[in-house]
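User: I'm new to reading protein structures. Could you take me through one, feature by feature?

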Amino acid sequence: MGRVMAADPAIAIGGGVLPRHVAIIMDGNGRWAKKRHLPRLAGHKQGVEAVRRVSREARRLGVEALTLYAFSSENWRRPAEEVGDLMGLLRWFIRNDLAEIIRDNVRLRIIGDYRRFSPDTVAMIDDAMARTASNTGPLLVIALNYGSQAELAKATRVLAERVRDGAMAAAEIDAAAIEGLLETSDLPPLDLLIRTSGEQRLSNFLLWQAAYAELLFVDTLWPDFDEAALGEAVAAFGQRQRRFGGL
């Protein structure tokens with residue numbers, strides 16, 4: 001299962017606490033389709049339905065931020081047809097769900113280098129974020145073309161340049177300096193990270209942010225992950241003892 005961290009002491013008060021920030025590695029779409037002798041696209045479509053269910057339930061529960069690993073920087077290695085299908089589903093999700101996201105006062109955020117996508121996809125993403133930027137409710141964060149190692153390397157380069165230019169001393173580089181340059185710097189600390197499908201690895205996702213997050217690995221394939229599954233994960237989080245190095 002895993003251990004955990006949160007920078008906010010109010011989160012670490014014991015059983016029954018709701019995680020402020022939940023992240024999910026949505027794994028198992030292909031295996032879901034294979035079990036049913038369906039094309040992989042069918043699994044990805046059902047995965048979008050799971051995104052709808054889980055994001056709505058997270059809002060109902062009162063989770064402040066939900067971060068979903070939708071497309072990693074390594075996913076470009078997949079067949080071009082599958083990558084195209086995934087991009088099509090992303091555009092479909094934005095077209096069909098943006099009105100609900102706006103109505104529910106949700107702020108849509110993207111982490112990762114999504115500008116590598118096609119111009120029409122980038123335009124849709126920019127428009128969706130702009131239209132939800134003034135919302136004051138929970139955050140729905142989608143990781144697109146995201147890789148944690150690249151994120152950390154970029155932050156390191158910025159700090160190196162600041163030291164080179166005399167803007168800061170090397171001795172001033174600490175955890176806060178690095179964290180302030182991450183794409184998640186304005187999000188609540190990551191409390192709970194879930195991976196579906198039985199795999200037990202982070203796959204280059206939120207490596208820094210997960211340093212003290214509770215890790216939960218479940219066998220459920222992502223298309224089958226539903227409101228009850230999220231509720232069980234949140235309940236399990238509430239029973240964890242989070243000491244952050246203390247007693």
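Analyst: Start with the surface. The chain exposes about 12200 Å², and carbon and sulfur atoms supply 52% of it. Accessible areas come from the Shrake-Rupley method with a 1.4 Å probe, and for residues only the protein chains shown count as cover. This is a predicted model: local features need pLDDT of at least 70, side-chain atom pairs count only at pLDDT 80 or more, and totals for chains, interfaces and linings use all residues. Residues are numbered from 1 along each chain as its sequence is written, and side-chain values use heavy atoms, with hydrogens and water left out.

User: Which helices and strands does the chain contain, and how many?

Analyst: Helices (H or I, at least four residues) and strands (E, at least two) are DSSP runs, numbered from the N terminus. The chain has seven helices and six strands. Their order is β-α-α-β-α-β-α-β-α-α-β-β-α.

User: Is strand β4 buried or exposed?

Analyst: Buried means under 20% relative accessible area, exposed over 50%, partly exposed in between (1.4 Å probe, protein chains only). In β4 (residues 139-146), eight of the eight residues are buried, so the strand is largely enclosed by the rest of the structure. Of the 247 residues of the chain, 48% count as buried.

User: Which way does β2 run against β4?

Analyst: Two strands pair if DSSP finds at least two bridges between them. Strand β2 (residues 65-72) is parallel to β4, with seven bridges. There, L68 stands opposite I142.

User: How many bridges link β3 and β4?

Analyst: Five, again in the parallel sense, with β3 spanning residues 107-111. R109 faces V141 in β4.
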